[in-house]
Amino acid sequence: MTVSRHEHAIEGHLLELRKQLHQSLIGTIDFAAADRIGREQFIRDCRARAEQLLERDNHGLSATDRGWLVQGVIDDMVGLGPLEPLLADPTVSDVLVVRHDHVFVEREGRLQPAVAHFRDTVHLMNVIQRIVRNAGRRIDERSPLVDARLPDGSRVNAIIPPLAIDGPQLSIRRFPEKALDLPRLVELGSIAPATAELIRGAVAGRVNIIFSGGAGVGKTTMLNAASAHLAPIERVITIEDAAELRLRGDHVVRLETRAANVEGVGEITPRDLVRNALRMRPDRIIVGECRGAEAFDMMQAMNTGHEGSMSTLHANSARDTLIRLETMLSMGGYDMPVRVLREYVASAIQMVVHMVRLPDGRRVVGEVVEVCGSDESGVRFRTLHRYQLESFRDGRAIGRFEATGEVPDFMARLAARGHHLDPTLFQRGVLTGGHAA
């Protein structure tokens, strides 16, 4: 729809009026009272005062425009400004701010422009600073990038000049209010019922698992869903840069890294937390994302009695996952022959669940592989289940889940722990249900 110049003029007038109202309200509100009276009462007080200011100045606005102005000012003062309506929309999974006047959202796996925009770069920076400050982090020229989280658990990344050449960049990854479980992922076509049963048995039977895939393919979602099958009495310790895991167990200890302070001291890395977790009597250790030197400590934990530990890792395939783990060890300053590093990976990891994004934006389990040793050519594995993409028609990916006929060696191990998997889960052929066509 074409917007007339007159409509643009009206919008510009309202935006300027909103800015003036914001400035007037700031001068009349006691922000120190927010902690004393509570957030909800503070918002009600701000709303009442904003309406009084509009009534006093008598701008002749319609009820709709008055409501838009007041809500916009409240969002600017205590929320995320123009992003608030996007974060209230359950269909939005990602919010990506490219410029103050250029915002994208992801819905059902597809990026699209959003109507929201900030007044200017200063307005955008104010919102970024509010997010970072509330999360106990900082962002400035000395520390121009940050990972944080919103109160609802959404993951936030911000990067500002001089690293971001075209201005501040803000990325928000949202998570559903209610974490998805394996049955729901089957309903959505993300996983076949047989694969869900395999993962359930592997988690309950304390198999060490890596959930891999590209950015935004659902690694954390799948790990959260799998965690529903942790034994209630098990002591689980999670380690993350920005806490986003929502595990289902009753005995979960959540640890989060810390950035250095203004003086450049006080940093706590994932590796520090993995080492500390080993002293906390864990049954399992779960690293939210393994991407550096902590890989060695994570695999050491898997090799020294903390069976059933899990992590996520960025990779393009299950094979690349194992190669990347090997590379992280070799780049971590460990003076070991490549053969030893491969054996270390092969002994620590028993299963890799690799997630992929289809051409139409949907996310599915692309491969489930069992790690079964190493040799001169690298870490060996066998594919148990996979998704086979057949075609892409009318904007829709057509494919099927299938079993390769390979039976995992850890079946006997699961049976010894009282978890029996039906052998028909691995019969070669198309897996019924969960069809992603």
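Reply: Once residues up to four places away in sequence are set aside, His123 touches Arg18, Asp76, Pro82 and Phe118, where contact means heavy atoms within 4.5 Å. The model is a predicted one, so local features need pLDDT of at least 70 and side-chain atom pairs count only at pLDDT 80 or more, whereas totals for chains, interfaces and linings use all residues. Residues are numbered from 1 along each chain as its sequence is written, and side-chain values use heavy atoms, with hydrogens and water left out.

His123 counts as buried because its relative accessibility is 5%; buried means under 20% relative accessible area, exposed over 50% and partly exposed in between, with a 1.4 Å probe and protein chains only. The His123 side chain also reaches the backbone nitrogen of Arg119 at 3.1 Å, a polar contact in the sense of a pair of N or O atoms within 3.5 Å, of which, within protein, one must be able to donate a hydrogen and the other to accept it, while residues adjacent in sequence count only if both atoms are side-chain atoms.

His123 belongs to helix α6, and helices here are DSSP runs of H or I with at least four residues, strands being runs of E with at least two, numbered from the N terminus. Helix α6 covers residues 121-134, 14 residues in total, and spans 20 Å from its first C-alpha to its last, close to the 20 Å expected at 1.5 Å a residue; that expected span is 1.5 Å times one less than the number of residues. After α6 comes Gly136, which has a positive phi near 75°. Besides His123, the buried residues of α6 include Leu124, Val127, Ile128, Ile131 and Val132, and also Arg130. An α-helix has 3.6 residues a turn, so residues three or four places apart point the same way.

Six strands make up an open, antiparallel sheet in the order β3-β2-β1-β6-β5-β4, two strands being paired if DSSP finds at least two bridges between them. Its edges are β3 (110-113) and β4 (145-149), each of which pairs on one side only. On average, neighbouring strands in this sheet are turned by 15° against each other, with direction ignored. Helix α6 packs on this sheet, where it touches β1 (92-99), β4, β5 and β6 (169-173), and its direction makes about 50° with that of β6; axes are lines fitted to C-alpha atoms, for helices over the stretch in contact, and angles run from 0 to 180 degrees between N-to-C directions.

The loop between β5 and β6 holds Leu163, which counts as partly exposed because its relative accessibility is 48%. Apart from neighbours within four places in sequence, Leu163 is in contact with Pro144 and Leu145. The C-alpha atoms of Leu163 and Glu141 are separated by 8.9 Å, although these residues are 22 apart along the chain.
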